[in-house]
2 protein chains.
Amino acid sequence: MRPCFAPLRRPKPWHQGPPDLIPKGVLIPQQKQPRAIIPSSPQSEDATSSKYNTFSFWFGPPKPRPSCSSLGQISKHLSEKYYLMSTLNNSTNIFWQECPVRKVERQKLLNQKGCVVWITGLSGSGKSTLACSLSRELHSKGKLSYILDGDNLRHGLNKDLGFKAEDRAENIRRVGEVAKLFSDAGLICIASLISPYRKDRDACRAMLPDASFIEVFMNMPLELCESRDAKGLYKLARAGKIKGFTGIDDPYERPLNCEIEIEQKDGVCPKPAALAGQVVSYLEEKGFLQVE
Amino acid sequence: MRPCFAPLRRPKPWHQGPPDLIPKGVLIPQQKQPRAIIPSSPQSEDATSSKYNTFSFWFGPPKPRPSCSSLGQISKHLSEKYYLMSTLNNSTNIFWQECPVRKVERQKLLNQKGCVVWITGLSGSGKSTLACSLSRELHSKGKLSYILDGDNLRHGLNKDLGFKAEDRAENIRRVGEVAKLFSDAGLICIASLISPYRKDRDACRAMLPDASFIEVFMNMPLELCESRDAKGLYKLARAGKIKGFTGIDDPYERPLNCEIEIEQKDGVCPKPAALAGQVVSYLEEKGFLQVE
């Protein structure tokens with residue numbers, strides 16, 4: 001029943017996922033994981049202005065709290081939960097809420113492992129075609145996937161964003177964050193976006209647990225993508241009517257270490273089902289399509 | 001093989017979901033649903049400056065396109081897809097991408113119907129407790145749910161937002177958009193946020209298909225919530241160290257027509273399992289826990 005105090009001085013950066021419950025450098029034996037994390041004397045501290053918040057770690061059994069007859073079980077339940085208070089960019093007094101149904105339980109229910117298949121490439125390189133084909137193939141195997149399509153999200157979640165550099169970065173960041181939630185929910189999340197800049201893609205990769213970000217590069221020559229021009233956008237870009245179009249007057253940075261690269265073979269594109277098969281084989285091999 | 005042209009003058013507002021494939025006022029017999037929607041002569045139109053875009057609707061069999069030997073099956077597949085081009089606030093040249101694995105197929109796989117359980121109420125009213133308990137209860141029935149916790153999302157997707165009025169509205173909007181995606185994926189999405197303003201909650205309701213937004217009001221007296229004060233925030237708010245705290249110096253607008261209201265009974269809060277049971281019964285009764 002002896003409390004142990006340790007300061008948490010640096011919240012984890014956003015792209016590295018939920019904040020650590022235990023600050024780095026504090027070694028705690030596994031049997032001594034804290035039962036609760038409580039802001040240190042919030043009543044005596046100005047949490048809205050302090051640069052750093054500090055926390056108390058409670059290693060004993062659930063800490064007794066002043067009881068209130070009307071609280072009933074809820075209070076007891078709440079007092080047994082883990083809380084973490086941190087100071088983020090614009091948000092103070094935000095607590096991290098742990099839930100007893102975790103990713104591992106959802107994965108067991110679905111008999112698959114949550115991950116993100118991130119399809120990147122030029123407009124017209126076949127990203128959506130692969131995404132749909134992959135989704136169909138996974139569905140036929142009884143696996144649950146969901147497509148986050150860059151264009152579709154710009155009708156909803158990202159409708160406030162344009163195509164300025166910072167808007168593009170924010171667009172990718174939000175898709176990355178949502179993909180992370182879907183992966184955490186146990187789904188195979190298929191994100192299909194041009195996502196032209198390496199650092200934005202890498203930031204999304206860094207959000208996810210090791211090996212559960214699978215980058216698929218649609219490595220198709222610009223000439224081919226432009227000749228397809230299913231949306232008529234290359235023509236507009238060449239005519240100068242769209243500015244900052246990837247591949248024309250804005251760069252596409254090729255992945256350096258992607259997990260899967262899709263290319264033409266002898267000048268012919270593999271069929272969509274074959275492309276999907278390549279990704280499904282990868283997922284199978286890495287154990288994403290079942291749980292042990 | 002005779003094409004039929006009809007203009008689409010007003011894209012659907014963002015909160016009403018994906019844009020209609022068929023504009024209002026254009027009556028089309030069911031057997032004549034268009035096979036493709038193609039921007040009208042994009043090469044001859046300045047899509048970046050035109051206020052309205054127009055579209056061609058193709059009612060014949062898949063429209064033949066100029067073939068390219070290297071395109072193979074992908075081109076054929078692409079030419080058979082539905083495209084829709086629209087002009088949004090900041091985003092031009094955005095196409096809507098339809099995918100052959102739809103919500104109904106995912107629901108069949110999961111044997112449940114996607115929906116959003118939106119839990120609203122004061123800080124300390126037991127929203128997270130209900131969310132966790134509900135998630136456990138659904139999991140025990142083999143149903144897939146996922147919790148979107150307002151505080152947790154402020155560590156990720158919404159980390160750039162503070163507590164100004166417009167940031168709060170944007171916070172709710174984004175959670176609503178993500179909840180909609182989870183619902184579309186077939187999950188029972190449990191959103192747990194104070195969400196104090198009626199119009200923000202109603203905007204989220206309007207995003208979703210009829211009856212699949214289930215608003216749960218944790219109707220607990222302020223005194224009870226404040227006496228719990230598990231996060232120590234009421235104390236800070238009373239001391240004036242947090243400004244704009246819901247229930248203290250910022251209003252909470254009670255729902256007018258929520259689907260479920262949770263209250264004390266004879267001055268005692270029902271146990272978390274009982275609360276969850278109340279929501280599960282509702283979901284069962286409304287047919288969300290199975291597909292026909």
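**Aromatic pairs and a covered strand in a predicted model**

Across all chains, a search of the whole structure, a predicted model, finds nine aromatic pairs, a pair being two rings of Phe, Tyr or Trp (its six-membered ring) with centres within 6.5 Å, counted as stacked with planes under 30 degrees apart, edge-to-face over 60 and tilted for the rest. In one of them, the ring centres of Tyr234(A) and Phe245(A) are 5.1 Å apart and the planes stand at 80 degrees, so the pair is edge-to-face. This pair links distant parts of the chain, with Tyr234(A) in helix 8 (residues 233–238) of chain A and Phe245(A), eleven residues apart from it, in the loop between helix 8 and strand 10 (260–262); helices (H or I, at least four residues) and strands (E, at least two) are DSSP runs numbered from the N terminus. Tyr234(A) has 1% relative accessibility and therefore counts as buried, as does Phe245(A) at 9% (buried, under 20% relative accessible area; exposed, over 50%; partly exposed, in between; 1.4 Å probe, protein chains only).

Tyr146(B) and Phe182(B) form a stacked pair, at 5.1 Å centre to centre with 15 degrees between the planes. Here strand 7 (residues 145–149) of chain B contributes Tyr146(B) and helix 5 (residues 165–184) of chain B contributes Phe182(B), 36 residues apart.

Strand 6 (residues 115–120) of chain B is mostly covered, six of its six residues being buried. Cys115(B), Val117(B) and Ile119(B) lie on one side and Val116(B), Trp118(B) and Thr120(B) on the other. In a regular strand, side chains alternate between the two faces of the sheet. Strand 6 of chain B pairs in the parallel sense with strand 8 (residues 188–192) of chain B over five bridges, Cys189(B) being the bridge partner of Val116(B). Parallel pairing over five bridges also joins strand 6 to strand 9 (residues 213–218) of chain B, where Ile214(B) is the bridge partner of Val117(B). Pairing requires at least two DSSP bridges between two strands.

The model scores ipTM 0.71 and pTM 0.72. Chain A averages a pLDDT of 74, with 66% of the residues at 70 or above; pLDDT is the predictor's confidence in each residue, from 0 to 100.

Residues are numbered from 1 along each chain as its sequence is written, and chains are lettered from A and ligands numbered from 1 in the order in which they are written. Local features need pLDDT of at least 70 and side-chain atom pairs count only at pLDDT 80 or more, whereas totals for chains, interfaces and linings use all residues; side-chain values use heavy atoms, with hydrogens and water left out.
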